[in-house]
Amino acid sequence: MHVYRAGPDHAHGKMPLLCIHLTPLAAVVYSKFLAEMGRDRLAIAIDTPGYGNSDPPPTPPSIADYTSALFDALDTLGIAQLDVMGFHTGSKIALDLARSQPHRVNRIVWVSIAYWSASEVVGRDVYSRPTDNEADGNYIAGLWREIVRWSTPGRTPEQIAETFYASQLQPEISHWGYRAAFPYDVEQAMAEIGSSKPVLVLNPDDDLRDHTPRIRPLLLHPHSRFVDLPGWGHGFLDLKTAEAAAIIRVFLDQDSRVNQGSGALLTPEY
Amino acid sequence: LVIPAVDEACTGNNPSSETNARKAYARVGDRHLHYRVAGSRRTTRTPALICLHAAPFSGRSFVSLLEQLDHNRQILAPDLPGFGDSDPLSQTPDVAACASAIGLLLDALGLETVDLLGHRLGSAVALELARQRQSQVRMLVLFSAPVFTAEERADFERAVRAVQPSEDGEHIIHSWQAFRVRSLEGWNLAAQFADVLRPQALAAWASDALYRYPLAERLVQVSQPVAIYNPDDEFSSATRRAGPLIKNGFLAELPDWLPGFLDIKAATMATLVRDHLDGAVR
């Protein structure tokens, strides 16, 4: 497992924050955000198995398999309790972390989440097929154009290139995240959590903008919040790092009052 | 994030997955260098083999070779500074600075005697490291070691520009075709293509560093045994010029070894490397 970490191992009054990436990208999408959040807490992002630099699982995993792998990593890192943040597929993994070991997860942050009925999952089956094993440049360019399309206005091609390469690090299995995410039963997991966990939902103008609001009726905790982010799209963690961190800090730190530390150095490790 | 649909059937194999090599970071000065390592030092007294990659790739390009060689010796494939997952150099990067950084990595890992394998830019870095650390570097095996003429350098300076990423993704199609146009059939370019797409790879400095490197002058200064293999790529005629300059070693042609040989011909390559390092070829 490949990990980026920033910030102090022990920050008084602040939970460590685990950030989980979207499919088919990797933890590198959180680089700038981790450095910002690491100012006052331990902030980490982990490549899920088969993404980025983390070893692939032997067979296509389920969300529960990703959850299990991340808890193993957290155990190795000595992190007992934490806040979790997910982005698209990562949102479902964050939810499953909270569902499966509720005593370890404090608060949940999602950047977009979608769930589908059984018939809608069938309709989305195309996305869970493997990519062309001998992928050609046109296929990869198509993915690039999708990211351009849903990016925050003003995000330059150079800024997209900072993280886009990560989508091609394990190209033969880069669809496995979709395969796991589409059938995941969000409704059931939310029912298990009930009103025990506060959830912050960020809803930028990305490809899930119209799906994400469907989660609203399931947000039962009184501190849960749903925030529309019009004009924000993919890349906002890089383009609006401080603003995003401010929104998320207010939510995560509702119960604590500790001053921010100085800027954090990002450290990669396995 | 939505990806476009494709209709290919799953073949079930996953040639880009890495099974043998362990990946790690070493902190060298104020930056992280990323490397792959296979084999074990405990089982052998053989010097570790350090594999130095071509631009714009990374240590990932040696994954097939690592699988073939790791029974015999410890073998490391670092990402050169500014490539793969290694932090870039702070100063204007050149071959000598890359070699110095790899030397510091050897120190950090406690490797006293090493053999070097280079590919293109990696060959230049290997020669430079052999010069910088004469007593530490035992032998060299270089795949492409181009000696450029002044005219070739001038042509290059006119031709090469950094790749500008564009919204329509044309830079991706262009790069793909450039690497695919003349390569071995069956080569899995997709498994290496992430490194081509990295922002630092889009810059022209890496090829620039190789063209500027005075390889001929350095080659005659190197006293260690050198084997140069000349694969069939756009540097073949330039590499051929290196042959007469080798003081202690040989140049051998590898006809039909088109780009992609690091994967497709990894087993044969491993035999060539092993034979040379073990003293079977003179």
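Begin by selecting helix H5 of chain A, where 10 of the 13 residues are buried, so that this helix is largely enclosed by the rest of the structure. Keep in mind as you look that this is a predicted model.

With H5(A) still selected, which of its residues are buried? They are Gly137(A), Tyr139(A), Ile140(A), Ala141(A), Gly142(A), Leu143(A), Trp144(A), Glu146(A), Ile147(A) and Val148(A).

Is Thr241(A) buried or exposed? Its relative accessibility is 14%, and because buried means under 20%, Thr241(A) counts as buried. If you set aside its neighbours within four places in sequence, the residues in contact with Thr241(A) are Lys32(A), Phe33(A), Glu36(A) and Phe236(A).

Now zoom out until the whole of chain A is in view, with its 10 helices and 8 strands. The radius of gyration of this chain is 17 Å, close to the 18 Å that the globule rule gives for 270 residues, so chain A is as compact as a globular protein of that length. Its C-alpha trace spans about 50 × 40 × 40 Å along the principal axes, and 63% of its 270 residues count as buried. Among the contacts in chain A with a separation of 6 or more, 81% are between residues 24 or more positions apart. If you display the accessible surface of chain A, it comes to about 9,900 Å², and 50% of that belongs to carbon and sulfur atoms.

Finally, move to chain B and select strand S6 (residues 137-143), which is mostly covered, since 6 of its 7 residues are buried. Strand S5 (residues 114-119) of chain B pairs with S6(B) in the parallel sense over 5 bridges, and here you can find Leu117(B) standing opposite Val141(B). Follow the chain from S5(B) through helix H3 (residues 121-132) of chain B to S6(B), and you will have traced a β-α-β crossover that is right-handed. S6(B) also pairs in the parallel sense with strand S7 (residues 226-231) of chain B, over 4 bridges, and in S7(B) the bridge partner of Leu140(B) is Val226(B).

Definitions and conventions
Residues are numbered from 1 along each chain as its sequence is written. Chains are lettered from A and ligands numbered from 1 in the order in which they are written. This is a predicted model: local features need pLDDT of at least 70, side-chain atom pairs count only at pLDDT 80 or more; totals for chains, interfaces and linings use all residues. Side-chain values use heavy atoms; hydrogens and water are left out. Buried means under 20% relative accessible area, exposed over 50%, partly exposed in between (1.4 Å probe, protein chains only). Helices (H or I, at least four residues) and strands (E, at least two) are DSSP runs, numbered from the N terminus. Two strands pair if DSSP finds at least two bridges between them. A crossover is right-handed if, with the strands pointing away from the viewer, the path from the first strand over the helix to the second runs clockwise. Contact means heavy atoms within 4.5 Å. The radius of gyration is taken over C-alpha atoms; the globule rule is 2.2 Å times the number of residues to the power 0.38. Accessible areas come from the Shrake-Rupley method with a 1.4 Å probe; for residues, only the protein chains shown count as cover.
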